[in-house]
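Me: I have a chain open in the viewer and would like to learn how to read its features one by one. Could you take me through them?

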Amino acid sequence: MTFAGASAEAQTAAEGTTASVEPLGLVDVRDLPTPRERTQVRVIRRPLARFPEPAVKPLAASDAVLGAADAVEPASEAAANLIESFEGISASGIEPPDPHIAVGPSDVLLATNAALRVYSKSGSPLSGLIDPSSFFLVPPQFEIQSDPKVLYDARSGRFFAVWIAFDQQANVGAWFVAVSTSSSANGTYFVYQVTENGNLPDYPGLGVCNDKLVITANDFRLLGGFTFVYNGAVAVALNKSQLTAGATTSFNRFGNIQLSGGAGQAFTIQPVHSLTGTNTCNMVTLRGNNGIQLYKIGGLPPSATLTTVSTVPALPAPVSTPPDAVQQGTSVRIDTLDTRLLDATLRGANGGSIWTASTTGCRFSGSSTTFACINVVEIANVSTTPTLRQQIVFGAPGSYYYIPALRTDSTNNMTVVFGRSSSSEFPSARYTSRLNSAPLGVLESSKLLVSGSAPYTGTRWGDYFGAALGPDNRSIWIYGEYKRTGSGFWQTFVGQTQVP
């Protein structure tokens, strides 16, 4: 859909906040303490929703009835090859894991709510388990902490990581940002604290372009007790060269970001990980249930500007709240979260191509049952007038597909990892791919990353999976959650994939 008006609507830096932040200090992952042993399970609260949600997700009357050809996995074609795989970080008294991954020239950085750890490309641990609070230099008064995101930026040759925290007594939230001092994850990091006064910055995003690092969150204002009200989406653009130098870093904060056309507040804005060189940092979010809203951050902090793009590509299949997932061996269901965008990445192909993904409710021909499917979207021509190139709703009758993460390789081949379960399948992690040369709207049949072997009956399933581009610019590394026999909680698993 296109809204009236030939020019984009802009929020300038003058409408936001311009400031700078000093590094908190320098940490060395080889010297940090391991997470403490827990006698009781610590459960991290579910990502906060913009509006209060019912205790049981309803089957929305507006759910689209998808034809079998639109959503069912194809029986033919092979997904990308799995060329390396190994066990990731294990549960240690914290739920959920929120697994995320970054891959550099020599090593792999894994992050969960329980711990971070550096691995070799073949899966050998290069560091011990790293306590997140110590790694991010979080002061002890920040009692709420969660949601790690990590990435490797090939242009600067650095790892970046973000972690959120909230001091309920002082009503102060913050992002904690770590920046490696070299291209190895197994060394030292500068750490910064970007304070968000009066708000809990929930469900952070992390993206990068040539000259900026962008962090985002959903701001929630504390009303009292543990009651929060939505206070708008926020984005902070930081000067990347100052971050990597460990120097005082300028940033621009853009608060309560709006949708175009007077459609109200945005929610869960995902900053794009730019895999093609650009000085524009892109961001995307859902606009209602049937459009993708694009934002652009240009200029260098402290003089960055935010532009809200007025052309909104429409989604032919509107998204709807996914039901929680059935699993084998129990009546307990897996939390599939909601329709928010979970990941985003950019390539220069097709006039600038952004891939993004979410979970959606789906139905199939001849059935009135709503399942969970993954919703994969490619927006093309983002450097000029964004257009929908393809939307792929992917699943199968009787199974539940959820929480996707994706990346593209140097020729815009895309691989997506996701969770799957059913009445005859324990929670497992799978992946599929799409060649850039393939017909539009088609994903290949999925392959197993790791098979679950037991039901999950804990308190909180994970809120996202991770995907990362390898330094060869061809392989896509994927990181997901599953449930195995002998573990009371979750387990994570890593795979390196590559299209033929």
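Reply: Gladly. Helices (H or I, at least four residues) and strands (E, at least two) are DSSP runs, numbered from the N terminus. With that rule, Ser423 is found in the loop between β29 and β30 (425-434). Before going on, please note that this is a predicted model: local features need pLDDT of at least 70, side-chain atom pairs count only at pLDDT 80 or more, and totals for chains, interfaces and linings use all residues. Residues are numbered from 1 along each chain as its sequence is written, and side-chain values use heavy atoms, with hydrogens and water left out.

Me: Is Ser423 buried or exposed, and which residues does Ser423 touch beyond those up to four places away in sequence?

Reply: Buried means under 20% relative accessible area, exposed over 50%, and partly exposed in between (1.4 Å probe, protein chains only). Ser423 has a relative accessible area of 58%, so Ser423 is exposed. Contact means heavy atoms within 4.5 Å. Not counting residues up to four places away in sequence, Ser423 touches Val326, Gln327 and Gln328.

Me: Now the whole chain, please. How many helices and strands does the chain have?

Reply: The secondary structure comes to three helices and 34 strands. The C-alpha atoms fill a box of roughly 60 × 60 × 50 Å along the principal axes. The radius of gyration is taken over C-alpha atoms, and the globule rule is 2.2 Å times the number of residues to the power 0.38. A compact globule of 500 residues would have a radius of gyration near 23 Å, and the chain has 21 Å, which agrees.

Me: What percentage of the residues is buried, and what percentage of the contacts with a separation of 6 or more joins residues 24 or more positions apart?

Reply: Buried residues make up 61% of the 500 residues. Of the contacts with a separation of 6 or more, 63% are between residues 24 or more positions apart.

Me: How should I read aromatic pairs?

Reply: A pair of aromatic rings is described by the distance of the centres and the angle of the planes. Rings of Phe, Tyr and Trp (its six-membered ring) pair if their centres lie within 6.5 Å; planes under 30 degrees apart count as stacked, over 60 as edge-to-face and the rest as tilted. A search of the whole structure finds 17 aromatic pairs. One of them is the edge-to-face pair of Tyr230 and Phe267, 5.2 Å centre to centre with 75° between the planes. Tyr230 lies in strand β17 (residues 227-239) and Phe267 in the loop between β18 (249-254) and β19 (270-271), so the pair ties together parts that are 37 residues apart in sequence. Both Tyr230 and Phe267 are buried. Phe394 and Tyr401 are also edge-to-face, at 5.9 Å centre to centre and 85° between the planes. Phe394 is buried at a relative accessible area of 3%, and Tyr401 is buried at 1%. Ring pairs also link Phe135, Phe136, Trp163 and Tyr189 into a cluster.

Me: What about the backbone: which peptide bonds are cis, and where should I look for a positive phi?

Reply: Most residues other than glycine have a negative phi, and most peptide bonds are trans. Here the peptide bond from Glu95 to Pro96 is cis, with omega near -5°, and Pro96 sits in the loop between β7 (94-95) and β8 (100-103). The bond from Pro301 to Pro302 is cis too, with omega near 20°; Pro302 is in the loop between β22 (292-298) and β23 (305-308). For positive phi, look at Asp147, with about 65°, in strand β11 (residues 144-153). Asp147 counts as buried at 1% relative accessibility. Asn412 has a positive phi near 70° and lies in the loop between β28 (399-408) and β29 (414-422). Asn412 is buried, with a relative accessible area of 0%.
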